[in-house]
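User: I would like a close look at a single part of this model, followed by a connected account of its surroundings.

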Number of protein chains: 2
Amino acid sequence: MTVPVHESTGVLGAERPGSGRIVLAHGGGGQLTDDLLMGTLLPRLGNARLNALLDAAMLDADGRRLALTLDGYVVKPWRFPGGDIGRLAVCGTINDLAVSGARPLGMALGLILEEGLEEAALETVLDSVAAAGREAGVEVVGGDTKVVEHRNGDGLYITTAGVGLARPGIELSPQRVQPGDAILINGFIGDHGLAVMLARQMPQVQSVLRSDAAPLNGLIDALLDAVGGAVAFMRDATRGGLAGVAVDLALRSGWHITLEEEAIPVRGEAQHAADMLGLDPLEIANEGKIVAVVRAEAAEAALQAMRSHPLGRDAARIGTVGEVADGICELHTSIGGRRVVQKPYGEQLPRIC
Amino acid sequence: MTVPVHESTGVLGAERPGSGRIVLAHGGGGQLTDDLLMGTLLPRLGNARLNALLDAAMLDADGRRLALTLDGYVVKPWRFPGGDIGRLAVCGTINDLAVSGARPLGMALGLILEEGLEEAALETVLDSVAAAGREAGVEVVGGDTKVVEHRNGDGLYITTAGVGLARPGIELSPQRVQPGDAILINGFIGDHGLAVMLARQMPQVQSVLRSDAAPLNGLIDALLDAVGGAVAFMRDATRGGLAGVAVDLALRSGWHITLEEEAIPVRGEAQHAADMLGLDPLEIANEGKIVAVVRAEAAEAALQAMRSHPLGRDAARIGTVGEVADGICELHTSIGGRRVVQKPYGEQLPRIC
């Protein structure tokens, strides 16, 4: 693992790292989340499947390979341009299954509601859950509801789990990544995190940015149908953003990863909002973007397959896996410079998903 | 459905039912939880599998029958005599799979931590998760961690999901219940809820009561190995207690259910604590008790199988399914009376699991 960058934590909240207490950034998907995982969780719970740290864990069910995934959602505000916590929860679960190469079989929905939450708000969220489920073609088949005392208006947390059936013959893992592989993304980055941040920090600002939250199982079906075995690895670029995925990929594959800044799709409005908030689009959470690592010879066909789907129209090749086994991710900047990409230490703003 | 008993709600907290806002009792597993489920959740998300309202939803995975379950845990305090929220979360998930007739394949662990939580507390909880997993022989294979701002010291919420493989040839559902069937339980009721309530409400009281939280997959294996097809239905008696399970069973099977108060195992200490708190042991949550409905001719063998397992030593036959199709649950009291058992309206105290 790289040395954590402690100088500038970007950690908001009352607690500081190193106090023996949990800080907000422990949940941010950055270096501190890794520290918690490696230092506290894995030593206690570790086993081969958990240690693989996949988006979805693979299980054997009497000869069928299953994927199991679970994610919590605490986004604030619970509604934002382009979606709400219900849509987010469904898309996140579907996408974790899909990037693992599994076809979703069903979801379970866990609600933790705050006393005093308006029933109308809950109804809105449930309508979103249902709509996103229909979009993905996946049903909520079970769930649970708990209520906790009134606090400060957060309203509700959602935890969703999903189970999927792995496609036979598809193996996806950082270990399958090879020098020469192309790194693809299905469209513009940063929109989700920026839309949420603007809604929270600058509600007076009118922006065209909308969350990209979308179920990607259809897009991934199209990709795998087209170039199946040529896909080495996929991951959705949520907490930690594209930077988080690329840095993890370099570390876990062991190869040098190069990203081309010029090729990474960022909307002008997103760059502008990121500049205004002092953020790097590379580090901002997405909820409808996958990074796919594909054999070089299949890259063009993979891009065509992605572009043929409505959620991949702006797909682009954004980088390459290099020959050097240094586990470093490097960015070639638009102005001809180079810099090492690091995982955000904490998160830029808490509770973005 | 029975008419809800609105006179005495036992609802604690700032909000009242009917205000258009969520109240604590919506999460209590009683009548208000049913109202939320039937009035708000099912109309939006409903589908055949969700509508079955099983502890675990059954899914088809290319010819294999899978069970998927998910539950949230918000128990307060997070540690109590006999266990903590980590043990509870694992046992609850294992038990939901096991009562569905499935063998657990793996679990996923979702943590929502409060900023400021002591890392040592998290470590304690994770140690409990690991220990309960070992006891059950089931691993945590995935998970997720989020952090929310400091509030009032609740500390942490857990949501666990589990997936299991259904035993071939075992069908469990209220529809399989028949007149004459015996109703069994594997031991003393009320210990969990009372231990938590005493720890919260009367921390100065020294009590021998300890939570019964335990993974029941081993006990259920023993039961199904012994009398397999003679088991019509099982459910763990958590929120809503034995009363909740029995009332649901009557409603959903359509038959008259009779419980014999004298036969229901209640410890003297539990009855005493319940009296002190003004509660009915029948309505108190358990985390290590299953209610099993078994064909009359197999009842003795089923009891023997349960008693041969350490978690079923005090197993007892507590009731019978009657010939009348009125969907009512009736209690024959110890002093020779009869009363209709109703589902608790809210919960007796909130956040017991």
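Is B:Arg65 buried, partly exposed or exposed, and why does it count as such?

Analyst: In this predicted model, B:Arg65 counts as partly exposed, because its relative accessibility is 31%, and the class of partly exposed residues lies between under 20% for buried and over 50% for exposed.

The residue belongs to a salt bridge. B:Arg65 pairs with B:Glu171, and the closest N and O atoms of the two are 4.0 Å apart. This pair links distant parts of the chain: B:Arg65 sits in strand β2 (residues 64-73) of chain B, while B:Glu171 lies in the loop between β7 (156-166) and β8 (182-185) of chain B, 106 residues apart. B:Glu171 is likewise partly exposed, because its relative accessible area is 46%. In general, side chains of opposite charge can pair when their charged atoms come close.

A:Asp221 forms a salt bridge with A:Arg167, with 2.1 Å between the closest N and O atoms. Here too distant parts of the chain are linked, since A:Asp221 is in helix α6 (residues 217-227) of chain A and A:Arg167 is in the loop between β7 (156-166) and β8 (182-185) of chain A, 54 residues apart. A:Asp221 has a relative accessibility of 26% and therefore counts as partly exposed, whereas A:Arg167, at 6%, counts as buried. A further salt bridge joins A:Asp144 to A:Lys146, the closest N and O atoms being 2.9 Å apart; both A:Asp144 and A:Lys146 are buried.

Chain A also holds a network of salt bridges that links A:Asp34, A:Arg235, A:Asp248 and A:Lys343. A:Lys343 lies in the segment after β14 (338-340) of chain A and counts as buried because its relative accessibility is 11%. The side chain of A:Lys343 makes a polar contact of 2.9 Å with that of A:Asp34 and another, of 3.3 Å, with that of A:Asp248. Beyond residues up to four places away in sequence, A:Lys343 touches A:Gly29, A:Gly30, A:Asp34, A:Gly244, A:Val247 and A:Asp248. A:Lys343 and A:Gln31 are 312 residues apart in sequence, yet 6.3 Å separates their C-alpha atoms in space.

With 15% relative accessibility, A:Ser100 counts as buried. A polar atom of its side chain lies 2.7 Å from the backbone oxygen of A:Asp96. Apart from neighbours within four places in sequence, A:Ser100 is in contact with A:Asp55, A:Ala56 and A:Leu172.

The two chains remain to be related. A rotation of 180 degrees, with 0.0 Å of shift along its axis, superposes chain B on chain A with an RMSD of 0.0 Å; that is the relation of a two-fold axis. Of the interface residues of chain B, 100% are also interface residues in chain A, so the copies meet through the same surface. Helix α1 (residues 31-45) of chain A packs with helix α4 (residues 119-136) of chain B at an angle of about 30 degrees, their axes being 8 Å apart. From α1(A) the contact draws on A:Leu36, A:Thr40, A:Leu41, A:Arg44 and A:Leu45, and from α4(B) on B:Leu122, B:Glu123, B:Leu126, B:Asp127, B:Val129 and B:Ala130. By class, seven residues of this contact are nonpolar, one is polar and three are charged.

Key: Residues numbered from 1 in each chain as written. Chains lettered and ligands numbered in written order. Predicted model: local features only at pLDDT ≥ 70, side-chain atom pairs only at ≥ 80, totals over all residues. Heavy atoms only, no water. Axes fitted to C-alpha atoms, helices over the stretch in contact; angles between N-to-C directions. Helix = DSSP H or I, 4+ residues; strand = E, 2+ residues; numbered from the N terminus. Contact = heavy atoms within 4.5 Å. Nonpolar A, V, L, I, M, F, W, Y, C, P; charged D, E, K, R; others polar. Least-squares fit on C-alpha atoms with pLDDT ≥ 70 in both. Buried < 20%, exposed > 50% of the residue type's maximum accessible area, 1.4 Å probe, protein only. Polar contact = N/O pair within 3.5 Å; in protein donor to acceptor, adjacent residues only side chain to side chain. Salt bridge = Lys/Arg side-chain N within 4 Å of Asp/Glu carboxyl O.
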